[in-house]
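Please look at the sequence and the structure first.

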Amino acid sequence: MPLGTAYAIWTGLGTVGTFALGVYLFQEHFSIPKAICVLLILSGIAGLKLLH
């Protein structure tokens, strides 16, 4: 796996994990625009993996 793809996956998982834990553990405000942004990050990671 190329280093750039591995780094994107690692940072994407950290972003999603931080978002989920913030909402679940710290009762941060959940909104549809925030969720869409997280999904865009995940779709970018999936795109990088698929184009490999």
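The dialogue below goes from the overall build to single residues.

Q: What kind of model is this, and how are residues numbered?
A: It is a predicted model: local features need pLDDT of at least 70, side-chain atom pairs count only at pLDDT 80 or more, and totals for chains, interfaces and linings use all residues. Residues are numbered from 1 along each chain as its sequence is written, and side-chain values use heavy atoms, with hydrogens and water left out.

Q: How many helices and strands does the protein have?
A: Helices (H or I, at least four residues) and strands (E, at least two) are DSSP runs, numbered from the N terminus. Here there are two helices and zero strands. Helix α1 covers residues 3-26. Helix α2 covers 32-51.

Q: What is the radius of gyration of the protein?
A: This value is taken over C-alpha atoms, and the globule rule is 2.2 Å times the number of residues to the power 0.38. The protein has 12 Å, while a compact globule of 52 residues would have a value near 10 Å. Its C-alpha atoms fill a box of roughly 35 × 20 × 10 Å along the principal axes.

Q: What share of the residues is buried?
A: Buried means under 20% relative accessible area, exposed over 50%, and partly exposed in between (1.4 Å probe, protein chains only). Buried residues make up 15% of the 52.

Q: How is a pair of aromatic rings described?
A: Two values are used: the distance of the centres and the angle of the planes. Rings of Phe, Tyr and Trp (its six-membered ring) pair if their centres lie within 6.5 Å; planes under 30 degrees apart are stacked, over 60 edge-to-face, and the rest tilted. The count here is one aromatic pair. F19 and F30 have ring centres 6.0 Å apart and planes at 45°, so the pair is tilted. It links distant parts of the chain: F19 sits in helix α1 and F30 in the loop between α1 and α2, eleven residues apart. F30 is partly exposed, at 44% relative accessibility.

Q: Which residues does L48 contact, leaving aside its neighbours within four places in sequence?
A: Contact means heavy atoms within 4.5 Å. L48 lies in helix α2 and touches T5 and A8 by that rule. L48 and G4 are 44 residues apart in sequence, yet 8.9 Å apart in space, C-alpha to C-alpha.

Q: Is Q27 buried or exposed?
A: Q27 counts as exposed because its relative accessibility is 61%. It is found in the loop between α1 and α2. Q27 has a positive phi of about 50° although it is not a glycine.
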